[in-house]
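This report examines the aromatic pairs, the chain interfaces and the backbone of one structure. Please read it with the sequence and the model at hand.

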Amino acid sequence: MSGGAKIPVRVAEVVTVNALIKRFRFVARDGSELPAFSGGAHVVVEMDDAGTRRLNPYSLMSDPSDRSGYEISVRRDDQGRGGSLFLHNNVTAGMEMVLSHPMNLFPLDNRARKHLMIAGGIGITPFLAQIKQLVRFGGSFELHYAARNPALAAYADALKAAHGGKVNLYFDDEGQQIPLADLLSRQPLGTHLYVCGPKGMLNWVRQTATACGWPEHAVHFEEFLAPQPGKAFDVELTVTGKTIHVTETQSLLEAMEAAGVDAPYLCRGGACGQCETRVLRCDGELLHRDLWLTDAEHAEGTKIMPCVSRFDGRALAIER
Amino acid sequence: MSLDFKPTFDGFFRDETFVGDFTFRNSPASIRRFPFPFDRDEYMYSVNIEPHVPVVGRPNSVFQHAFDVDEHYVSEMRDRARVLAQDPLRCQSLPHMELAGWDLLELIMESKARDYPQWFSLSKSGDQWHWINRPLGIEQRFTFLDSSTLPYGPLEYITRQTQGDFTLQDERDQNLWVDAGMVTTQADWSLDFDIGMNFFEWHAPVPLAHEKGIFDRALKFLLKLQNGAPVRRFNWTMTVNPLLDTAPETYPEWGTMRTTVTPENVGEKLHLRVELQALFRLPRSNAIAFSIRAYLGRFDELVTVPKWGRRLHRVVRDLHPDLAAYKGFLRNRDAMAQWLSQYDDGAPTSPGIWPED
Amino acid sequence: MTKTEFPPAIKSRPVYGELAPRSGTAHVIVADGEGAAAVAALFDKAGDARAAMLAKTHILYAPGPTGVDQWPLIAALCAPQAQRTPSVSTLLFRLARVLQDTHMGAQFYLSGTEGLMGQAQRDIMATGFPFADIQTEHRGSTLRRVQCVHCKGMTENVATDPFKCSHCGLHLFVRDHYSRRLAAFQGVNIDAEDPGQIPAAVERFK
């Protein structure tokens, strides 16, 4: 089945964390324990938004060893395609929903002597779970967390209270910036660097790390791409024999699902590779937005990741 | 040899050896459920991976449960204790793999207690766990995730009580790294040498498969493996005498056995060794557990199933010589094919692995 | 003398590249025998950055297993830290001390024989530093460091195949299968099935 096994859950609690962020707690509908997970893992939340099926990935932030429930924090995105708005406006305690099994595209490297974590805004969520896991097993870590201001720095107070000097906060409105080059220059050999936050921050951290001589394989980043809207297009599905229309706000994957086509997926963020599909004919330009295919594969134009990538042109046929 | 468990042979579990006098045998019922690996009359590598779920209509098959426990269980565990006493390096875990060891312990204990309640029980009160293994006479109270409360590390503790070899793969840099394992029933590979290798390095000595892209595709598939959705595949080789432990370490001790095959004794000496390999994504560590369960079938046991006799003859006769060499039976292949030919009347065989079709 | 070209082999056999300068807060360089020339070439490639790179460089050097000693090439670089050690084991002893004070941002460069590079890589990797980011360039002798899979003993500077294990005395066939953790190739008994039938030793490694 596409997307793997599912977990039927009930919303146990919805908590307003700050002006932009709400926290959702899910428990198993039958009262059983949920699978344990690893820090950094995400689940895909399935939503039925007035007939539109939305599936968005969110990092799990609760204690990985707590099997009584899963928690996610969702930042409202007024410009997005609607998943976060649906969660904020329509989801209340007691509702029944469906989650994917947890999967991890942002795991800790447990050989590291120390874990140096850089978080921006809502990018704090995977670190919350990872820190709980590290504390339990005695791992060494240091967190640097930047937010717009104290009011929007979700969970900063709790982190500071629990971990003191290992947690460092920076607020944009107060002109504070993470002293990255300095930080990177004083880490013991065997430290691994993790970054989760907006794209600009990811690029800044990765470029600075390279300039400071950090090895590529010690730098880990979590980048989820929300599918971006774009021009509508038609696509021929050669296996199912259908031609479907992808609207401006739909992803190609969502359009296939809406047409009843069983297409594989896991992360829905262009990262895991599960939805990779062969392109059989392309008269126009593939708008690749995934992180999975190599640059060479992007240039070659024989594969597409329907969860995030689009098409602009006269005719497209894919093997699905 | 002293054992730290008290085995019981209660009529189901056979009291037999895999060394010395080699008293290992399959009962008639055990032969019928043997996981015959060939679904057609020829063999070549393929990415033959399928979901590890029970097969509909085959409730007695080796696929019924996540970890099959059969009549050889108690004797196999005694043989593993013997091997480990001689060479403790057969079980190793790099320091970052302890959590994966706990994941595996949890998976096996929960599976066995659910699937075989007559033999195993697990009760939990928070992190305080109570495990009973009746066939091995083991009772253990311990604290989950606290290694100081077990006599061995979690991987070694549970795999001393579970048939089959195990490796634990850490996932890093889009690859799988074999960073822990319990390996005492292997087809000639050394955990001590291979531990720490990635998926391609570990499989480096396998001929032909790299060129066919088998391992590239298998790795891509495995990186997407999800918790709760295990998969399985077969592998196979041939072993002279029912020797579970064909390790490179002890090759000078068992290598000469390969020269003892004569046209007359093929039926009792040669064993088809089938590995039922199952892969599980582990929840807490994000590692992948690989169970490699070896089943031994004597040629004269297997040919009691007419379809298997015919098919085994054709596979052995026609196998690519590089594969026969890699699987260690090139020198005996002619004698094996000759002996098997008396069970092949040339009749067509039905597709699939099951005996009665 | 340029870098060694090896024939194609199985996937576990290490492949080596060519040392190239990378930006870093320190440069730790380990070499033996003919590897000294690769180190000199590394600094030639640095161009304008040569002096700045040298100022942050620490070099450890040992003569090669066939007696090649190109220490003058290293000494001529005038790195602020450079030690000539009498043997690989002494070199590794010094490397352990250097690693204690090394921070992330350092670049590692290894050159010379497989035995030296493998063991240095093993020790650097043990700190948690990713082995894939350690640069290597093979120069000089192709003598192999081999582990006997039976007695687990290491034999250094193996020249022939098969060879006699220097510990248990079994005659071993030298495989290309290589363990990064042990920094060694694998040796397997060649006459296990037919005791006494030992093929003539061929000089495969020099």
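Rings of Phe, Tyr and Trp (for Trp, its six-membered ring) are taken to pair if their centres lie within 6.5 Å, and a pair counts as stacked when the planes are under 30 degrees apart, as edge-to-face when they are over 60, and as tilted for the rest. The model is a predicted one, in which local features need pLDDT of at least 70 and side-chain atom pairs count only at pLDDT 80 or more, while totals for chains, interfaces and linings use all residues. Residues are numbered from 1 along each chain as its sequence is written, chains are lettered from A and ligands numbered from 1 in the order in which they are written, and side-chain values use heavy atoms, with hydrogens and water left out.

Over all chains, a search of the whole structure finds 38 aromatic pairs. One of them is stacked, because the rings of F67(B) and F280(B) have their centres 5.1 Å apart and their planes at 20 degrees. Helices (H or I, at least four residues) and strands (E, at least two) are DSSP runs, numbered from the N terminus. F67(B) lies in the loop between β1 (50-51) and α2 (73-86) of chain B and F280(B) in strand β9 (residues 270-281) of chain B, so this pair ties together parts that are 213 residues apart in sequence. Buried means under 20% relative accessible area, exposed means over 50%, and partly exposed is in between (1.4 Å probe, protein chains only). F67(B) counts as buried at 5% relative accessibility, and F280(B) counts as buried at 6%.

W202(B) and F290(B) form an edge-to-face pair, with 5.8 Å from centre to centre and 85 degrees between the planes. This pair also links distant parts of the chain, since W202(B) is in helix α6 (residues 199-202) of chain B and F290(B) is in strand β10 (residues 288-298) of chain B, 88 residues apart. Both W202(B) and F290(B) are buried.

## The interface of chain B and chain A

Where contact means heavy atoms within 4.5 Å, the interface takes 21 residues from chain B and 25 residues from chain A. Buried area is the accessible area (1.4 Å probe) that two parts lose on being put together, summed over both; between chain B and chain A it is about 2,000 Å², of which carbon and sulfur atoms give 49%. K224(B), Q226(B) and R284(B) supply 30% of the area that chain B buries against chain A, more than any other three residues.

A salt bridge is a side-chain nitrogen of Lys or Arg within 4 Å of a carboxyl oxygen of Asp or Glu, and by this rule three are found across the interface of chain B and chain A. D127(B) forms a salt bridge with R136(A), and their closest N and O atoms are 3.2 Å apart. On the side of chain B that touches chain A, α3 (98-115) and β6 (165-172) of chain B each supply at least two residues, and α3(B) gives the most, with three residues.

## The interface of chain B and chain C

In the other interface, 26 residues of chain B are in contact with 25 residues of chain C. Chain B and chain C bury about 2,100 Å² between them, with 58% of it on carbon and sulfur atoms. In chain B, the residues that lose the most area to chain C are F193(B), E201(B) and Y251(B), together 29% of what that side buries.

The count between chain B and chain C is seven salt bridges. R258(B) forms a salt bridge with E193(C), in which the closest N and O atoms are 2.6 Å apart. The elements that give two or more residues to the side of chain B that touches chain C are α5 (191-194), α6 and α8 (251-254) of chain B.

## Backbone features

Most residues other than glycine have a negative phi, and most peptide bonds are trans. N286(B), although it is not a glycine, has a positive phi of about 65 degrees; N286(B) is found in the loop between β9 and β10 of chain B and, at 7% relative accessibility, counts as buried.

N157(C) also has a positive phi, of about 55 degrees, although it is not a glycine, and N157(C) is found in strand β7 (residues 154-158) of chain C. With a relative accessible area of 40%, N157(C) is partly exposed. The peptide bond from D161(C) to P162(C) is cis, with omega near 0 degrees, and P162(C) lies in the loop between β8 (160-161) and β9 (163-164) of chain C.
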